[in-house]
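Have a look at the structure first, then read on.

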Amino acid sequence: MNSLYYTLLNELLIRLEAEGFEIGIRKHIQLQELLKQLPEGLEPGELKPYLSPLFVQSAQQQQRFGILFEEAKEAAQLLEDIPQSPESQPLVNPQKPGFWRWMVGLALGLAIILA
């Protein structure tokens with residue numbers, strides 16, 4: 001997966017949460033599992049039918065999800081087109097396996113603390 005996937009997912013999660021969709025630790029873990037199972041060569045813009053069942057619980061949410069996905073896709077493409085200076089590069093590479101292991105561990109730790 002390229003960085004456009006991660007930018008798109010980040011933009012989508014921000015929008016979904018702002019609209020009141022349930023975005024918690026469980027959804028993040030389910031999303032990680034789903035990403036591992038996606039077909040090879042899938043373009044970021046083709047993620048909508050795979051992601052929708054994970055977040056949508058009603059016909060109204062389905063319609064809103066489609067709109068938010070398209071907004072997130074456009075925003076992600078714009079962000080990817082902006083040239084970045086070395087100073088603005090992330091310190092952690094989200095494509096390294098250790099990053100996601102750390103993120104899941106952090107999420108689980110927070111869940112335990114907050115429970």
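α2 goes past α3 in a right-handed crossing (right-handed when the near helix is turned clockwise from the far one by less than a right angle, left-handed when anticlockwise). Helices here are DSSP runs of H or I with at least four residues, numbered from the N terminus. Before going further: this is a predicted model, where local features need pLDDT of at least 70, side-chain atom pairs count only at pLDDT 80 or more, and totals for chains, interfaces and linings use all residues. Residues are numbered from 1 along each chain as its sequence is written, and side-chain values use heavy atoms, with hydrogens and water left out.

Here are the two helix pairs, with axes taken as lines fitted to C-alpha atoms over the stretch in contact and angles running from 0 to 180 degrees between N-to-C directions.

| Helix pair | Axes come within | Crossing angle |
|---|---|---|
| α2 and α3 | 11 Å | roughly 150 degrees |
| α1 and α4 | 8 Å | roughly 135 degrees |

With that angle, α1 is oblique to α4, whereas α2 and α3 are roughly antiparallel (under 35 degrees is roughly parallel, over 145 roughly antiparallel, 65 to 115 roughly perpendicular, the rest oblique).

Who makes the α2 and α3 contact (heavy atoms within 4.5 Å)? K27, Q30, L31 and L34 come from α2, and Y50, L51, L54 and F55 from α3. Those residues split into six nonpolar, one polar and one charged. In that count, Ala, Val, Leu, Ile, Met, Phe, Trp, Tyr, Cys and Pro are nonpolar, Asp, Glu, Lys and Arg are charged, and the others, Gly among them, are polar.

The α1 and α4 crossing is right-handed. Its contact residues include T7, L12 and L16 of α1 and F65, A76, L79 and E80 of α4, and the contact divides into 11 nonpolar, three polar and five charged residues. T7 sits in α1 and counts as buried because its relative accessibility is 17% (buried is under 20%, exposed over 50%, partly exposed in between, with a 1.4 Å probe and protein chains only). Leaving out residues up to four places away in sequence, T7 touches A76, L79 and E80.

Beyond four places in sequence, L51 touches L9, L12, L31, L34, F65 and F69.

Note on methods
Contact means heavy atoms within 4.5 Å. Helices (H or I, at least four residues) and strands (E, at least two) are DSSP runs, numbered from the N terminus.
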